[in-house]
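Trainee: Please take me through the terms used for this structure, and show me in each case how the value leads to the word.

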Amino acid sequence: MRWNDLKEESCPVARGLSVIGDRWTMMVLRDCFQGIRRFDDFQKRLGITRHVLADRLRKLEEDGVLERRLYQDRPPRHEYRLTEKGLALLPILVTLIQWANTWEPHPEQDDKILRDRETGAHVEPLVVDSETRQPLTHRTLRRIESSAAPKA
């Protein structure tokens, strides 16, 4: 199966990965959440080739995750802003950070990098059910297959 074909799958994991599933895309999104908006700034921070970066930004714009806005007329220059759809990816990034700090810690880095903006206190993410407010775990969930899903 080709990468672009994932968008048509009934599996939500496959559809999600069709948008954010490669390493550079997640790194671009990380930088967006840290306030980076301009092409040259992305390239400088990521060390990515111009071609690959342009491709990832274009794809994120096509998928409605980023919006390109003109910030200078002569010469024309654009910046990239997270859309509502892009902002909704923050829990995924936060959960990935927490997972990496727990299971793939860096020996020289403080794993308490998520902090409350106002108080500076360490934030410990927790995924909960919106109705019951109970933590979601592999023991509390089961997936109901839709009728469109192939039968095994």
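## From value to term

Trainee: Why does Arg68 count as partly exposed?

Mentor: This is a predicted model, and in it Arg68 has a relative accessibility of 42%. Buried would need a value under 20% and exposed one over 50%, so Arg68, lying in between, is called partly exposed.

Trainee: What makes Glu61 and Arg68 a salt bridge?

Mentor: The closest N and O atoms of Glu61 and Arg68 are 3.7 Å apart, and the limit between a side-chain nitrogen of Lys or Arg and a carboxyl oxygen of Asp or Glu is 4 Å, so the pair qualifies. Elsewhere, salt bridges that share partners join Asp22, Asp55, Arg56, Arg58 and Glu62 into one network. A search of the whole structure finds 12 salt bridges.

Trainee: Where is Asp22 found, and why is it called buried?

Mentor: Asp22 is found in the loop between α1 (12–20) and α2. Its relative accessible area is 19%, which is under 20%, so the term buried applies. The side chain of Asp22 also reaches the backbone nitrogen of Trp24 at 2.9 Å.

Trainee: Why is α2 called roughly perpendicular to α6?

Mentor: Helix α2 (residues 23–33) and helix α6 (residues 90–103) pack at an angle of about 105°, and their axes are 11 Å apart. Because angles of 65 to 115 degrees count as roughly perpendicular, that is the description given to α2 with α6. The contact is made by Met26, Leu29, Arg30 and Phe33 of α2, together with Leu90, Ile92, Leu93 and Leu96 of α6. Seven of these contact residues are nonpolar, none is polar and one is charged.

Trainee: Why does Ile48 count as buried, and with which residues is it in contact?

Mentor: Ile48 is found in the loop between α3 and α4, and its relative accessibility is 4%, so with a cut-off of 20% it counts as buried. Neighbours within four places in sequence aside, Ile48 is in contact with Trp24, Gln43 and Leu53. Trp24 is 24 residues from Ile48 along the chain, and the C-alpha atoms of the two are separated by 8.1 Å.

Trainee: What are the buried residues of α1, and against which elements do they pack?

Mentor: They are Ala14, Ser18, Val19 and Ile20, and they pack against α2, α4 (50–62) and α6. In the chain as a whole, buried residues make up 24% of the 152 residues.

Trainee: What is the phi of Arg133, and why is Arg133 called exposed?

Mentor: Arg133, in the segment after α6, has a positive phi of about 65° although it is not a glycine. Most residues other than glycine have a negative phi. The relative accessible area of Arg133 is 57%, which is over 50%, so it is exposed.

Trainee: Which residues does the cis peptide bond join?

Mentor: The cis peptide bond joins Arg74 and Pro75, with omega at about -10°. Pro75 is found in the loop between β1 (66–72) and β2 (77–82). Most peptide bonds are trans.

Technical notes. Residues numbered from 1 in each chain as written. Predicted model: local features only at pLDDT ≥ 70, side-chain atom pairs only at ≥ 80, totals over all residues. Heavy atoms only, no water. Axes fitted to C-alpha atoms, helices over the stretch in contact; angles between N-to-C directions. Helix = DSSP H or I, 4+ residues; strand = E, 2+ residues; numbered from the N terminus. Parallel < 35°, antiparallel > 145°, perpendicular 65-115°, else oblique. Contact = heavy atoms within 4.5 Å. Nonpolar A, V, L, I, M, F, W, Y, C, P; charged D, E, K, R; others polar. Buried < 20%, exposed > 50% of the residue type's maximum accessible area, 1.4 Å probe, protein only. Polar contact = N/O pair within 3.5 Å; in protein donor to acceptor, adjacent residues only side chain to side chain.
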